[in-house]
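Here's a quick briefing to read with the model open. Keep the viewer handy and follow along.

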Amino acid sequence: MRSYRAGKWCLGVMFFLFIAASCPAYGVEIREVKNVLNSSFNGVVGVVMEDHLEDVISEAEKINAELIVIDMDTPGGLVSSMRAITQKILDSPVPVVVWVSPAGARAASAGAFILEAAHVAAMSPGTNVGAAHPVTAGGEDVPEEMNRKITNDLAAQIRALAEERGRDPSSCEKMVTESASYTAREALQEGVIDVVASDLPTLLEAIDGRLVKLPGSTVKLDLKDYRVHRYEMSPRLKVLHFISRPDVAYLLLLVGLYAIIFEVMSPGGFVLGTSGLVLVLLGSLGLRMLPLNWAGIVLLVVGIAVMILDLAVGGIGILSLFGAAALIVGGLVIYRAPGGELLNMSYSFLVGAVVAITVFFLVAAWAVWRSLSKKAVSGSEGLIGLEGVALTDLAPSGTVKCHGEIWEAKSLNGDKIESNTPIRVIKSEGLVLYVEPIIGKKEDDGNDG
């Protein structure tokens, strides 16, 4: 009986294995699940974004990804970083999709070049691309002759990218020569992009089976079955990316300049000066990636100088109000340059920071004014006007008792003051009091402290 049961069990296992091996013949296909690596490009195009793209491509090769999808939202940035990023995308061994997302995002200025360099250019509804006309680091339009050279160079670059990816070169060129901007639908109609998709599954479904050109080969995307891997920016790059935000860079520069000026006004330490220098360098790192209006920088420096002056001379806070106005106006216009109007500046953050600093200086100025108007109550200065008694003859020097303490004293006019004579303190120099006798007052009526 036991051998009979064992035989039945073996026959059952063999039958199951036969059915499993025969599944393809019955229309069940086993497919390999493809890896799709997804990451983000948000904020100003700069060195941080260059390094992040390099990390993304390395990770994609490590997990053998079929595709890289980068959702992007950028106001633009450095031309040098843009060129480096487009070169990395062109040389990537893994196909790269740049997807302007979510709704409300944009690929402005340098972002338009990155979008055109992608093997697949995609946008979400409600996004826009364009405004790629070059400006100087200070935000001004480039001088005419230099402008013509730079514009022609960038126009040729974006045409070359469009031709390489099979898009319309003339429509792409207008983003540089005419600062043209397109909505997602307009960009698709003009041949600037390849796909409009509202979410990632829709995007992957739309590009499944598409042929893309890689260095040395052409591959067909197979996205029937896929698994999305999310890749975040490294902590080191997140810190660098944070300080390159327009509002953070402005605040770092603001606080750093304050610290340096305080160090100059009250030398002797090194904490304020050193920390201020570090903050200014960090702020400059962020500001160098942004198109600046130098009038904003001038207003920043003037505002700080005026508030420090108010604190130094005891201006009862009047100058601090003017300084605060200069700081706020400087913050409002510092990025009001060509290209700067596209930056996502947090004005509530800026105004809040300036108001907090202004309140501090108003309170400090009020405290300085009060201290200047009040009579000193400690030290030798606090003895001025108090009465005492001469312990020895002052001819003209001797000792006196005042406020319960014995002091070295001198007769104010050089006249002799006999011992036990009531005196009044007129002034002090160091630890020496200058006194005069109280005429008509007896010693036992004096106030010796």
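**Quick briefing**

Let's start at the surface: Lys62 has a relative accessibility of 67%, so it counts as exposed (over 50% relative accessible area is exposed, under 20% is buried, and in between is partly exposed, with a 1.4 Å probe and protein chains only). This is a predicted model, in which local features need pLDDT of at least 70 and side-chain atom pairs count only at pLDDT 80 or more, while totals for chains, interfaces and linings use all residues. Residues are numbered from 1 along each chain as its sequence is written, and side-chain values use heavy atoms, with hydrogens and water left out.

**The chain as a whole**

- The chain has 14 helices and 16 strands; these are DSSP runs numbered from the N terminus, with helices being H or I of at least four residues and strands E of at least two.
- Of its 449 residues, 43% count as buried.
- Take the contacts between residues at least 6 apart in sequence: 66% of them join residues at least 24 apart, where contact means heavy atoms within 4.5 Å.

**Salt bridges**

- The count comes to 15 salt bridges, each one a side-chain nitrogen of Lys or Arg within 4 Å of a carboxyl oxygen of Asp or Glu.
- Lys62 pairs with Glu59 at 3.8 Å, N to O. Both sit in helix α2 (residues 47-62), 3 residues apart, which is about one turn of the helix.
- Arg167 bridges to Glu116, with the closest N and O atoms 3.5 Å apart. Arg167 is in the loop between α5 (144-164) and α6 (169-177) and Glu116 is in helix α4 (residues 110-117), so this pair ties together parts 51 residues apart in sequence. Arg167 and Glu116 are both buried.
- Asp208 and Lys224 form a salt bridge too, the closest N and O atoms being 2.9 Å apart. This one links distant parts of the chain: Asp208 is in the loop between α8 (200-207) and β9 (211-214), and Lys224, 16 residues away, is in the loop between β10 (217-220) and β11 (226-230). With 24% relative accessibility, Asp208 counts as partly exposed.
- Asp71, Arg230 and Glu232 are joined in a salt-bridge network.

**Helix faces**

- Helix α3 (residues 79-90) has 12 residues and reaches 16 Å from its first C-alpha to its last, close to the 16 Å expected at 1.5 Å a residue (the expected span is 1.5 Å times one less than the number of residues).
- Its buried residues are Ser81, Met82, Ile85, Thr86 and Ile89. They cover an arc of only 130° around the axis, so they lie on the same side of α3; the arc is that of the directions from the helix axis to the C-beta atoms.
- In α9 (235-243), the buried residues are Leu237, His241 and Ile243. Their arc is only 165°, which puts them on the same side of α9. Pro235 and Val239 are exposed residues on the face turned away from that buried side.

**Two buried loop residues**

- Ser92 is in the loop between α3 and β3 (96-100), and at 1% relative accessibility it counts as buried. A polar atom of its side chain lies 2.7 Å from the backbone oxygen of Val94. Leaving aside neighbours within four places in sequence, Ser92 contacts Ile57, Leu214 and Pro215.
- Met233 is in the loop between β11 and α9 and is buried, with a relative accessible area of 16%. Beyond its neighbours within four places in sequence, Met233 touches Val48, His52, Lys238 and His241. Met233 and Asp55 are 178 residues apart in sequence, with their C-alpha atoms 8.4 Å apart in space.

**Cysteines**

- A search of the whole structure turns up 0 disulfides, a disulfide being a pair of cysteine sulfur atoms within 2.5 Å.
- Cys172 is buried at 0% relative accessible area, and Cys402 is buried at 0%.

- The Ser101 to Pro102 peptide bond is cis, with omega about 0°; Pro102 is in the loop between β3 and β4 (106-108).
- Ala395 to Pro396 is cis as well, with omega near 0°.
- Asn64 has a positive phi near 60°, in a residue other than glycine. It is exposed, with a relative accessible area of 61%.
- Asn420 also has a positive phi, near 70°, and is partly exposed at 48% relative accessible area.

Terms used. Polar contact = N/O pair within 3.5 Å; in protein donor to acceptor, adjacent residues only side chain to side chain.
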